[in-house]
Structures are given as C-alpha cells and as structure tokens.
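Please read the points below with the structure open beside you.

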Amino acid sequence: MRRLVRLTFLASVFLFIPDPANAAEEVSVPEILELGAELAGEEVTVEGELVGDYGFRDNGWMWTQLNGDAYVQRPIREGGQALGANVGIAVRVPVELTEALDPPGRYRNRGPVVRVTGVWKYHDSTRPGESYLQVQSLTVTEPGRQLNEEVNWTAVILGALLLVGAGVIALLTRPKDWQRPTFRC
Amino acid sequence: MLIRPVTEDFKVIGFYMGRIFLVVAAASLLPLTWAGLARESNPFGSFLLMTGVFALLGVIGVRLAPRESELDWSHGMVVVALTWLIVPMIGAIPLFLSGHFGRPLDALFDAMSGLTTTGLSLLSDVDHVASSLNFWRHFLQFLGGQGIILAALTIFAGTGGITLYIGEARDERILPSVTSTARFIWAVSVVHLIFGVTSLGLVGWQVLGFDLDRSLFHGLMVFFAGFDTGGFSPQSTSIGYYHSAIFETVTALLMVAGAMSFGLHYALWRGPRRSVFANLETRTILSTFGFTMVLTILGLAATGLFVDVAGLTRQGFFQVLSAHTGTGFSTVPPAELAKWGGLAFGGVAIAMALGGMGSSTAGGVKSLRIGLTIKAVVNQIKQVLLPEHALVGTAYHQSGRKHLTPALIQSVMVISLLYVALYLLGAGIGMAYGIPLQEALFESVSASANVGLSVGVTDPSMPILLELVYMLQMWAGRLEFVAVFSMLGFVYAWVRGK
C-alpha cells in the first residue's frame with residue numbers, strides 16, 4: 001500500500017514538472033516585435049517560415065530569418081492576397097539543428113515552416129544593439145516546397161508585338177539626311 | 001502676356017522625351033536578360049512588355065522631330081518633369097504584374113519611390129519576390145540616383161543641354177561640358193560599384209556564410225540602394241537582416257559616398273584635397289550630422305530602450321547616417337523606430353529634413369542651402385549689432401571664394417521654404433486621416449526628402465489621397481521644384497495662353 005502511495009506521489013510530481021519546451025511562452029512573430037523589451041531574456045516558442053539565406057558562420061551558428069505573416073500559409077504565388085510587408089525576426093540556430101532543413105523561402109519556394117523554442121535576445125549587449133531569437137530546439141512542422149510560376153503569355157505576346165511595332169515604325173519613318181533636324185542647346 | 005505653346009513646342013518636348021525613353025528601353029534589357037538567365041518566366045513577360053512600351057514611345061517621340069529648334073529653358077524643364085512622371089508609370093508595369101501589389105497605384109508608388117531614390121515601399125512579401133524584379137527595383141534607384149536624363153546626356157552627346165542637366169536638380173558643372181561632367185559622374189559610380197559589390201560580396205560570403213552567388217546578389221542590391229541613397233533592400237528587414245557590424249560599415253561608406261556632391265568627389269580624386277574641408281557645405285554637413293547624432297543618442301539614452309552604450313551608439317549612428325544621407329536603410333523594425341520618442345525621434349527627423357549635399361543622389365533641403373541660410377542669418381544679426389556703416393563680410397568658401405549675394409539668399413530661402421511647406425503638406429493630410437502628429441510628420445519628411453525611413457504609416461491600407469500626396473512629395477522633392485513649376489506653368493500657358 002505504502003509503495004502504491006509512493007508511486008502515485010512520484011507520478012503526480014512528474015506530471016507537474018514542466019517540460020522545457022512547454023515551459024516557454026507561446027508567442028507569434030508580430031507579438032515578439034510588438035512587445036520587444038518586455039520579452040527580453042524570456043524563453044519563447046514561435047512558429048514561422050524560414051526565408052532568405054542560411055548564413056553559416058564560423059562560430060557554429062546559422063543565422064536566418066523567421067517570418068510569421070499571412071504569406072506563410074497562403075503565399076502570393078498560390079493565390080494569397082498582397083497584404084503588406086513581411087513580419088520577421090532573426091533567428092540564430094546551432095548548426096547541428098539545421099541538418100534536415102529544406103532550402104529557405106524565396107521566389108518559387110516556400111521555406112520550411114518550423115516551430116522553435118529559444119531565448120529572445122533584445123538589444124543584446126554581446127552583439128551591440130541587435131535583437132534575435134537564440135534557438136535551443138527546432139521542429140519542422142511543414143517541409144519546404146516549390147511554388148508554381150505561370151508564364152504571363154499576354155504580356156509576352158503584347159511585349160513582342162510592341163517591340164516589332166517600334167522597329168517597323170523606326171524603319172518606315174527613317175528620315176533622309178536632308179530631313180534630319182539640327183539642334184542647338 | 002502668356003504665349004500658348006504651338007505644335008513645334010510639343011514636337012521638341014516629344015523628341016527629347018523619345019530619346020530618353022529609348023535609353024530607358026535599352027536599360028530595361030538588363031532586368032529582361034536577368035529574368036531570362038534566372039528562368040523567371042513570369043517577370044520575363046512583364047519586362048518584355050515594359051521594354052516594348054518604352055521602345056514604342058521612344059520611336060514615336062524621336063520621329064516627331066521638328067525641323068529645327070532650340071531646346072530652351074521651358075522645354076527642358078517640361079521634358080525633365082514629364083520624364084520623371086512617365087518613366088515610373090511604365091516602370092511600374094512589371095511590379096504590378098508580379099502580383100505583389102494590391103492595386104496599380106501601389107505599384108506606381110513603388111516605382112516613383114524607386115526612381116526618386118526614396119525607398120518607401122508598398123510591396124507585399126518582398127522576401128518571396130523574383131530576383132529579376134528585385135534587380136529592377138534596385139536598378140530603378142540606380143537610374144534615378146544617377147539621373148535618367150544624365151544617362152541620356154551621356155549617350156546622346158551634344159544634344160542634351162544644360163537645361164536638362166539643371167532640371168534634374170544638378171547645378172554643378174564639374175568639367176567644362178555637360179557631357180564630360182556626365183561621363184565623370186558615371187566613372188565615379190562605376191568605381192564605387194566595383195568597390196561596393198566586391199566588398200559587400202566578400203563580407204556576405206566570408207563573414208556571413210552566404211553562398212557566393214547570393215553574396216554577390218546582396219552586394220549588388222545594397223550597392224544600388226546605398227550609393228544612390230535609395231533605401232530599398234532585398235529582404236524585408238533591411239540592413240538589420242545581415243546582423244553584421246562589418247556589413248553595416250561598408251554600407252555606411254557607400255551611403256556617405258552617395259550623399260557627397262560629385263564636385264566633392266572630383267576634388268577628392270584630383271585635389272586639392274585640403275580645400276574640401278574648407279567648403280561651407282562640408283563643414284555644414286559635418287556639423288549637422290554631429291548635432292543630430294548627439295540629439296539622437298541623448299534621446300535614446302532617455303528612452304531606456306538600450307541596455308549598453310555600444311548598442312545605443314551603433315543603432316543611433318546607423319539610423320542617423322541613413323536619415324541624413326537620405327538613404328532610408330534601417331537596422332531596427334518600423335515598430336521599434338516608432339518607439340524612439342522625444343529627442344531621438346526628433347534627431348532622426350531633423351537629419352532627414354536637412355538631407356545630404358547638393359548635386360548628389362541625396363534629397364532634403366541640402367547642406368549648402370542650410371549653410372548659406374545660417375550665414376545669411378548671422379550676417380543679418382551682425383549688421384544689426386555693428387555700427388550703421390560697418391561692412392559685414394559676405395564671402396564664403398565653396399570650391400573657391402564666393403560671395404553671398406541677395407539674389408543667392410533669395411533663391412536659397414525660396415527653395416528651403418518650399419521644402420518646409422512640402423513637409424507640412426503631407427503631415428497635415430496625414431493628421432487629417434487621424435495619424436498622430438509625430439508619425440505623420442516623420443513619414444511626410446521621409447517622402448519629401450526622398451529618405452524612405454518609415455514608422456509604419458506607409459502601408460497598402462493607407463488612404464489613396466495620402467498615397468498620392470506622398471508620390472507628389474517624392475517627385476517634387478527629387479526635382480527640387482523648379483522643373484515641376486515650369487511644367488505647371490507650361491500647362492497653364494497651354495490652357496490660358498494666347
């Protein structure tokens with residue numbers, strides 16, 4: 001009986017010990033940018049798309065940008081609306097966490113959507129004035145994928161016609177030598 | 001009596017505009033080629049369409065050639081003002097067709113912002129924009145910063161004229177002819193291009209760990225926008241994207257080079273270099289930069305946003321330099337910049353309003369006008385304090401000894417007051433839409449002085465009237481009013497003249 005009580009007690013203790021990933025406050029990228037100083041030094045969890053470049057620096061860190069805007073779920077190339085500027089923060093990820101990452105988001109490419117937990121470094125004194133999320137754990141929630149690009153045939157045909165038209169006009173209306181104007185400036 | 005323009009006047013204007021359009025058509029082959037090489041088929045079509053429009057308008061314009069005519073002052077100014085209106089309209093075609101703009105006016109806004117080297121943007125999702133479209137946005141800043149007219153003058157040697165040159169807000173003839181001056185300006189730019197792209201590319205590749213091709217891409221984009229004090233950037237977080245003090249330093253050097261007058265570049269290249277620091281303009285810009293920097297640092301210290309002096313100085317320095325040179329790059333997000341209240345906000349706003357040097361790619365009132373205004377005020381005070389018949393010296397040094405004449409003072413004051421009026425116009429309209437004074441004034445100054453720093457007012461959801469006003473401010477501010485007023489006068493004469 002005493003053993004059963006002890007086991008029940010231990011189990012309940014383990015239930016209430018927070019998992020490091022769960023202990024972090026769940027926030028969005030716009031909230032991080034808005035709250036800024038209030039979250040300084042806090043452990044947060046945030047989700048978004050990795051975009052731009054993966055900058056592998058000598059000191060074992062990879063720098064990139066994490067966007068948390070409307071285009072993560074609905075890219076413009078897939079019919080998403082043009083709703084304004086991107087909303088992103090810098091993330092500094094240990095190189096060992098980056099091995100399974102697809103290429104970052106760019107034109108024709110939606111980057112991997114990741115869920116990261118890390119410490120929000122606001123105006124970090126070790127990197128004068130910079131703000132970024134120092135990542136401790138990273139999970140890919142959606143792999144990167146190619147985005148469709150459709151040729152705008154109307155623009156191609158119209159453009160070609162205009163160029164041909166310009167050439168034809170230039171040839172047909174070529175002035176004779178005696179017709180060339182003289183200009184003084 | 002107002003004389004109504006006749007057909008021959010329109011032919012002269014059309015002819016010169018046609019030539020300029022042909023130059024821009026040739027320039028637009030670059031993004032077209034880029035799109036082809038990068039296999040970006042969607043932008044390729046829209047660049048082809050844009051090139052076709054420029055080419056057709058160019059050919060039609062050139063074929064309007066009058067039999068014989070002089071390009072007088074009025075014609076030249078109208079050519080400049082109209083060119084700076086029509087080129088953004090056609091240049092906006094690929095931007096709009098990209099799908100990254102909600103309405104055509106927004107694409108025109110970005111094209112105008114690019115060409116006038118302002119840097120305010122309504123582009124949505126810049127992080128997924130095609131590389132060729134990014135090239136076009138930045139190349140527009142390069143074209144605008146150098147001057148489209150200047151490009152035309154360089155190619156069509158001998159047929160441009162001083163009127164076109166002055167109309168594009170350049171009043172400094174460094175070499176005897178306008179064509180040789182234009183070629184010198186291009187030579188300076190090419191040297192900086194090589195330096196800028198190589199340095200930024202190397203930093204990107206070796207320090208930031210980017211791929212080599214992406215490093216060169218970032219280097220080229222940041223060069224275009226930095227040297228021509230434009231402020232667009234290939235990523236949404238501007239220069240803050242790079243998180244590198246070295247990258248910021250090289251960018252800062254390019255911004256300074258862009259804000260220097262080409263006369264100063266000439267003096268630094270061919271000497272005498274000592275006289276550079278005796279120039280009123282150099283002394284003024286160093287003083288105003290120091291003043292706005294101190295103001296910003298004190299203001300930032302008071303806000304308590306930064307925990308250390310190094311961070312405060314680094315961020316304050318970059319933002320003030322970007323504002324004073326009229327570039328508009330930033331290393332902090334707009335939401336954070338809006339929190340820089342009080343002195344810091346004032347410091348950055350004043351730096352934007354003052355601007356860079358005359359005959360440079362920077363906007364704003366310009367340092368020489370500020371220096372001359374201060375000198376005129378000081379002389380006036382001296383005149384009051386000294387005995388009635390005492391003579392007050394009017395000499396000042398600016399590429400040689402010059403004198404402050406009443407006509408010069410008048411001209412300086414008029415342009416300076418027009419800038420102030422332009423700043424207030426946008427701020428007033430912004431406030432009428434319920435935007436707080438501080439933010440409305442900041443954004444208005446940023447548009448008029450062709451800077452591009454934003455506290456978030458410039459957004460696709462902004463009122464159309466405000467958007468139009470900002471476009472007007474960018475256009476008038478870039479051309480320093482003269483060409484704009486000449487064009488309005490020409491239109492008035494056409495309507496009411498006899």
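1. In chain B, helix H4 (residues 73-97) packs on helix H5 (residues 104-115) at an angle of about 120 degrees, with 8 Å between the axes. Helices here are DSSP runs of H or I with at least four residues, strands are runs of E with at least two, and both are numbered from the N terminus. Axes are lines fitted to C-alpha atoms, for helices over the stretch in contact, and angles between N-to-C directions run from 0 to 180 degrees.

2. This is a predicted model, in which local features need pLDDT of at least 70 and side-chain atom pairs pLDDT 80 or more, while totals for chains, interfaces and linings use all residues. Residues are numbered from 1 along each chain as its sequence is written, chains are lettered from A and ligands numbered from 1 in the order written, and side-chain values use heavy atoms, without hydrogens and water.

3. H4(B) and H5(B) are therefore oblique to each other (under 35 degrees is roughly parallel, over 145 roughly antiparallel, 65 to 115 roughly perpendicular, the rest oblique). Residues of H4(B), including Trp84(B), Met89(B) and Phe96(B), meet residues of H5(B), including Pro104(B), Asp110(B) and Leu115(B). Contact means heavy atoms within 4.5 Å. The residues of this contact between H4(B) and H5(B) divide into 14 nonpolar, 1 polar and 1 charged (nonpolar: Ala, Val, Leu, Ile, Met, Phe, Trp, Tyr, Cys and Pro; charged: Asp, Glu, Lys and Arg; polar: the others, Gly among them).

4. A second pair joins the two chains: helix H4 (residues 153-172) of chain A packs with helix H3 (residues 41-63) of chain B at about 20 degrees, their axes 7 Å apart. That makes H4(A) roughly parallel to H3(B). The residues in contact between H4(A) and H3(B) comprise 16 nonpolar, 6 polar and 1 charged.

5. Is Glu467(B) buried or exposed? Glu467(B) counts as buried because its relative accessibility is 0% (buried is under 20% relative accessible area, exposed over 50%, partly exposed in between, with a 1.4 Å probe and protein chains only). Glu467(B) belongs to helix H20 (residues 464-479) of chain B. Leaving out residues up to four places away in sequence, Glu467(B) touches Arg103(B), Leu105(B), Asp106(B), Phe109(B), Leu122(B) and Met462(B).

6. Chain A has 4 helices and 9 strands. Of its 185 residues, 42% are buried. Among contacts in chain A between residues at least 6 apart in sequence, 61% join residues at least 24 apart.
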